[in-house]
Amino acid sequence: MDTKTIPIKAVSDIPLEGAACHAPQESMISAAQAAGKAEILKRYALDYPKGPHDQPQSMCPAFGSLRVGLRMSRTATILSGSACCVYGLTFTSHFYGARRSVGYVPFNSETLVTGKLFEDIREAVHQQADPEKYDAIVIINLCVPTASGVPLQLLPKEINGVRIIGIDVPGFGVPTHAEAKDVLAGAMLKYARQEVMNGPVPAPKRGRQALPTVTLLGEMFPADPMGIAQLIEPMGLAVGSTVPTREWRELYAALDGSVVAAIHPFYTACVREFEAAGRPVVGSAPVGVEGTHDWLQHIGQSVGVSQEKIDAARNKSLAAIRGVLAAKPIKGRITLSGYEGSELIVARLLVECGADLRYVGSACPATPWNTNDAEWLKSKGVQVQFRASLEQDLEAVKAYEPNLAIGTTPVVQYAKEACIPSLYFTNLISARPLMGVAGAGSLIQVVNAAIGNQHRFNQMKDFFGAVGRGDASGVWSDKPKEHPEFRAENRRQMEKKNKQRKAQEMG
Ligand code: SF4
């Protein structure tokens, strides 16, 4: 196909430098629809329904896809987007220890609107497609190229035996970085499933498991799959691949699993592929006593394990978990919020550890795979908020006055200012074991240590007093003077400008 003839519509009403996270959603969406992306946006709207807020409130969603690509061996990842977005994404990926290069195809207004950008991407992909180095090349369209309709779907599916996977991950279509992981992992599973249907595929490097396997869905602490393996061993089951995978051929092993455990509940596109491959999918996770009890039953039943063996697995693990939970319970009121998608299983574990948990907010949506967790938490009196906005998370901290606020950066910042001990969900909670015996022990330790820090917060508050509050923050030789007249004048100017703009729009 002569790609030079591909029409790429200009996004005339979106100034490039303003087409960022804060650009009006409607303009971006209608531009993308008009430019040929209507179908994919419709798919995303079904897979990732939006919530009370329609703009990402956390990091750029594309980071989720980028991370999945960067963590895979023999996979090159190329970004197509505004330089400022790419700067932020590469910075974040290296902050999280990517230790891999991120490819970038730059553009300007001219290359974007004339279709040259797509030509440049095609050239970059051809240059990179070295089968000695790579199994796959991933190209990610960020907001502006998606809104402009850069047609990655027209790239060849494979060059020199290297698989080419182009995806659109705009902030106006994929609400969180968690769901963006699903966009890429789902696209890879789809590709791998097609390969399986076309003929024999290579076995995993460590060979095929002799026992029926459980595929794990969701990024988790490296010790968790090992903990889960111990839990299911009495049922005659083994742990298979974890999706997102670390190498291409693990995708085949994932599709080969007897059952899929949706440990993280937001992998809608991946579940679609597993279901198309005829695999049953089980939600929730083996956390705490009740969580592990129910999860083992559902996993065992889904693959026809006898009740006797399921009970044997339960007997082996539940007493040990119960012992850890009872040894040193958590004492204190907690609020919990995050955008990783694993918030509800952490919440369950906290409740089982004895915490007085009042609120759990997740930036991810309700799905069939977290329904049981939500119902269980509500039955324990916990307020569950899906697609929680930052404002709702902050309100929860204000309303429940917890002894510990677990949350995202701005929630933790607010809590610290309010003299409340707090923990970052992403770095300090979701990056530790949660499953089985190890999970219970580890969570209790970190939470109790944080709650025990209240006296330090009190000392700091006494020492600093009200220094650092609002307009009076900083060190001053004289007391700062208020100038309300300046603000009034600025407001007047802004209102005047807005009126002029509206009049122009109407005229
Ligand atoms: S790609 Fe990410 S950082 Fe860039 S405008 Fe979109 S949401 Fe914002």
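**Close-up views of a predicted model**

**View 1. Helix H19 and the residue that follows.** Helix H19, residues 454-464, is hardly covered, for among its 11 residues the count of buried residues is zero. Here a helix is a DSSP run of H or I with at least four residues, a strand is a DSSP run of E with at least two, and both are numbered from the N terminus. A residue is called buried if 20 or more other C-beta atoms, placed from the backbone, lie within 10 Å of its own, exposed if 12 or fewer do, and partly exposed in between. Just after H19, Gly465 takes a positive phi of about 60 degrees. The model is predicted, and local features need pLDDT of at least 70, side-chain atom pairs count only at pLDDT 80 or more, while totals for chains, interfaces and linings use all residues. Residues are numbered from 1 along each chain as its sequence is written.

View 2. Five strands, in the order S12-S11-S10-S13-S14, form an open sheet with parallel pairing, where two strands pair if DSSP finds at least two bridges between them. Strand S12 (383-385) and strand S14 (422-424) stand at the edges with a single partner strand each, so one side of each is left without a neighbour in the sheet. Within this sheet, neighbouring strands are turned by 10 degrees against each other on average, direction ignored, the axes being lines fitted to C-alpha atoms, for helices over the stretch in contact, and angles running from 0 to 180 degrees between N-to-C directions.

**View 3. Strands S10 and S13, with helix H15.** Strand S10 (residues 333-338) pairs with strand S13 (residues 404-407) in the parallel sense over three bridges, and Thr335 stands opposite Ala405 in S13. Helix H15 packs on the sheet and touches S10, strand S11 (356-362), S12 and S13, while the direction of H15 makes about 170 degrees with that of S11. A contact requires that the C-beta atoms of two residues, placed from the backbone, lie within 7 Å.

**View 4. Leu390 in helix H15.** Leu390 is found in helix H15, which covers residues 390-400, and Leu390 counts as buried because 20 C-beta neighbours lie inside 10 Å. Not counting residues up to four places away in sequence, Leu390 touches Gln57 and Pro410. Leu390 and Gln57 are 333 residues apart in sequence, yet 7.1 Å apart in space, C-alpha to C-alpha.
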